[in-house]
Amino acid sequence: MAAEIKNLDTDLQMLVYENYNKFISATDTIKRMNSNIVGMEANMEQLLEKILSVQSRSDGVNTSLFEKREHIEKLHRTRNLLRKIQFIYDLPERLGKCIKSEAYADAVKFYTGAMPIFKVYGDSSFQDCKKASEEAMSIIIKNLQGKLFSDSESIQARAEAVMLLKQLDFPVDNLKDQLFEKLEQSLEDVQLHFEGNSNHSAKADESVKQESPDHIPAAHEVSTRELVEAVRAYRVIFPDSEQQLIRISHDLVIKHFESIEKLIKNHISSAELLGLLRLVWDDVLLMDEVLPEAAVADACLEAANHAVKQYVAGSFSHLLQDISESLMKVQINQKEAVKEEHPLQATLEASKKAVIQGSMGVLLDFRQLLDDSLPLLSSLRDLIVDWVQEGFQDFFRSLYNRFLLLSGENNSATQDVIFHDGIQGDKTVAGLVLVLAQLSVFIDQNAIPRITEEIATSFSGGSVRKYESGPAFVPAEICRIYRSAAEKFLHLYIKMKTQRVSVLLKKRFTTPNWIKHKEPREVHMFVDLFLQELGGVLSEVKQILPEGPTRKHRRADSMSNASSTSTRSNPLRDERLLTRSNPQKARSQLLETHLAKLFKQKMEIFTKVDATQDSVLTTTVKLCLKSLQEFVRLQTFNRSGFQQIQLDTQFLRDSIKDNVEDEAAVDFLLDEVINAAVERCLDPIPLEPPVLDRLIQVKLEKPREQTTATP
């Protein structure tokens with residue numbers, strides 16, 4: 001407390017010293033002021049005397065110059081009057097010069113300036129001048145009317161003509177409808193400049209790509225500013241025309257977006273679209289300055305919503321068309337007889353490229369729309385995200401429907417598909433179906449995961465969709481569709497190839513009379529055609545499908561009694577001997593064979609088809625041999641017909657089994673063909689093994705002879 005008291009005393013002492021110093025300073029200042037004021041009163045009196053002296057002398061000058069000043073002012077008024085009179089006399093000549101130089105604004109200014117004089121003295125002193133001036137003004141009014149309705153004049157020039165006519169008290173309200181009609185027609189002029197050099201004909205796609213929005217002529221901006229100035233002028237001339245001007249401003253936005261939508265149909269890039277939207281937004285800002293009541297920005301936002309949505313949908317549509325065109329090359333090449341080493345492989349690779357690069361390309365375009373700072377797109381970002389996600393979902397569904405259409409599985413007339421070079425009605429190529437199968441696998445395993453990753457990175461969010469609608473893009477559903485499609489198209493390919501062979505077999509077995517068949521001399525030509533079809537299958541699957549693991553199914557020892565691997569097996573020879581020795585015993589032996597087939601171990605003939613070369617080829621061979629068996633069962637053979645079947649079957653056995661995965665099943669089916677022929681034969685006596693071998697050897701040597709003779 002003692003220390004604090006000491007500190008407070010010190011502070012108090014300092015305050016006393018400071019205030020004392022200020023007091024001393026104030027005292028000194030007052031003393032200086034007193035010393036400075038001394039003598040000022042005498043100076044003020046002296047100044048007053050001088051001011052009075054100046055005033056007296058000024059009054060003397062004014063008195064002496066009063067008469068001269070009045071005379072000068074009178075002369076000045078006379079001079080101004082003479083100038084006006086001279087202007088009136090020169091007015092007709094001035095108006096004539098203005099007419100020649102088309103300076104109508106100056107002519108109206110001169111004439112309106114002379115109107116007060118003409119109203120007072122026009123019928124007396126200046127009658128001739130008034131008459132000449134009125135004649136000149138009638139010409140000017142006529143020229144202004146012509147300028148007003150001339151299509152070659154700019155919008156701003158027409159607006160100036162209206163303003164001049166109104167200054168001349170011309171009844172412009174009578175021309176209001178015609179003027180607004182011309183103003184609406186001027187929208188087309190603005191639109192032509194807006195579209196630039198783009199061509200909406202068949203060559204529009206190339207033109208749009210060559211002419212980007214950055215190269216649209218500056219005449220568009222000039223025309224738009226002329227239109228804006230015309231709206232500004234018309235709003236002053238016709239105060240009650242606000243609704244008409246609002247409608248015209250909205251029409252401008254509508255026509256702009258109609259042109260944008262035409263360009264979108266011709267497939268433009270996102271950079272080009274952004275350039276077009278910037279032009280429109282600049283026009284909207286200009287129009288909003290002169291006519292804020294029109295709310296042009298709101299109308300522009302609504303139209304931009306529709307245009308951007310159309311652009312997103314159009315991008316997916318063009319991507320779908322590009323993929324379809326890459327797939328149709330198989331059918332086009334076959335139609336035009338184009339020779340290519342590996343056509344299916346080339347088509348598959350091109351289609352994969354179209355799918356993955358095309359999808360990444362449209363995502364890049366959409367990303368540019370999201371990243372742009374244009375105010376018009378700011379409120380559409382969430383919508384764009386939703387449209388992109390929904391677009392991919394709908395795109396892959398549409399692509400699946402297109403696959404069905406290309407494969408011939410969906411020929412509904414409601415499908416809106418346009419094929420290249422009008423191949424819509426052509427028969428579907430089986431190789432194309434195989435390409436579709438592998439492309440579906442690629443979409444399931446590669447394309448969908450990559451697109452999903454890109455969407456999650458750049459297009460996540462989008463809060464516009466309702467919660468109950470669920471997510472816009474569901475990759476699992478798309479993968480399931482294409483996984484199922486791959487299996488479907490693979491089975492369809494096998495079915496198409498089998499049907500071709502079935503047609504061949506039908507012709508083979510329905511054409512000859514098997515009851516009167518002649519003794520076989522060679523392997524029948526249908527075998528070559530049959531093997532040619534299988535060779536085509538092998539060639540196609542080697543281009544596209546992987547080899548897969550090799551699995552050779554061998555029959556078990558318990559099934560050795562079902563049938564042997566050759567038509568020269570012991571049961572057949574025994575059956576022939578029995579037939580020769582005792583027909584009754586042969587029939588009994590045949591019955592025992594049928595009973596044995598009912599109780600023997602069943603062989604699995606038709607297994608699951610894998611997307612491998614061996615599996616597809618083996619399944620096709622099995623189905624073809626099964627068809628062969630069914631056709632044999634429908635016929636009745638004599639001995640020669642049965643021997644022909646035996647010869648053809650043996651040649652097929654030797655030619656097929658080395659190329660298939662399941663030799664046991666092939667042997668079994670060929671044995672079933674022979675057994676069916678035995679059942680349907682009146683005299684089932686087979687060929688002797690040496691004869692059979694000789695005929696097969698002759699058939700095998702024919703290609704060698706042809707090859708030797710060709711050089």
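This is a predicted model: local features need pLDDT of at least 70, side-chain atom pairs count only at pLDDT 80 or more; totals for chains, interfaces and linings use all residues.
The aromatic contacts come first. A pair of aromatic rings is described by the distance of the centres and the angle of the planes. In this structure the count comes to 16 aromatic pairs. One of them joins Phe-395 and Phe-396, whose ring centres lie 4.9 Å apart with 65° between the planes, an edge-to-face arrangement. Phe-395 has a relative accessible area of 3% and is therefore buried, and Phe-396, at 0%, is buried as well. Another edge-to-face pair is made by Trp-514 and Phe-637, at 5.0 Å centre to centre and 75° between the planes. Trp-514 sits in the loop between helix H16 (475–510) and helix H17 (525–544), while Phe-637 sits in the loop between helix H20 (613–633) and helix H21 (639–656), so this pair ties together parts that are 123 residues apart in sequence. Trp-514 counts as buried because its relative accessibility is 2%; Phe-637 is buried too, at 0%.

Phe-395 and Phe-396 also belong to one aromatic cluster, whose members include Tyr-311, Phe-366, Tyr-400, Phe-473 and Phe-489. Elsewhere, a charged residue meets a ring: Arg-94 lies over the face of Phe-110, at 5.6 Å from the ring centre.

Salt bridges form a further set of contacts, and a search of the whole structure finds 14 of them. Arg-397 and Glu-477 meet through their side chains at 2.9 Å, N to O. This pair links distant parts of the chain, with Arg-397 in helix H14 (residues 381–407) and Glu-477 in helix H16, 80 residues apart. Arg-397 is partly exposed at 34% relative accessibility, as is Glu-477 at 24%.

Helix H16 also contributes Lys-497, and helix H17 contributes Glu-540, so their pairing ties together parts that are 43 residues apart in sequence. The closest N and O atoms of this salt bridge are 3.6 Å apart, and both Glu-540 and Lys-497 are buried. A salt bridge of 2.5 Å, N to O, joins Asp-528 and Lys-699. Asp-528 lies in helix H17 and Lys-699 in helix H23 (residues 689–709), so the connected parts are 171 residues apart in sequence. Here Asp-528 is partly exposed, at 32%, whereas Lys-699 is buried, at 13%. Arg-653, Asp-667 and Asp-671 are linked in a network of salt bridges.

On the surface, Met-33, Ile-37, Met-40, Met-44, Leu-47 and Ile-51 form a nonpolar patch with about 600 Å² of accessible area together. Helix H1 (2–37) and helix H2 (40–101) each supply at least two of its residues. The largest share, 4 residues, comes from H2, the helix in which Met-44 lies.

Conventions:
Residues are numbered from 1 along each chain as its sequence is written. Side-chain values use heavy atoms; hydrogens and water are left out. Rings of Phe, Tyr and Trp (its six-membered ring) pair if their centres lie within 6.5 Å; planes under 30 degrees apart count as stacked, over 60 as edge-to-face and the rest as tilted. Buried means under 20% relative accessible area, exposed over 50%, partly exposed in between (1.4 Å probe, protein chains only). A charge sits over a ring if NZ of Lys or CZ of Arg is within 6 Å of the ring centre and within 35 degrees of the ring normal. Patches are made of residues with over 30% relative accessible area and no salt bridge: like charges are joined within 9 Å, nonpolar side chains (Val, Leu, Ile, Met, Phe, Trp, Tyr) within 5 Å. Accessible areas come from the Shrake-Rupley method with a 1.4 Å probe; for residues, only the protein chains shown count as cover. A salt bridge is a side-chain nitrogen of Lys or Arg within 4 Å of a carboxyl oxygen of Asp or Glu.
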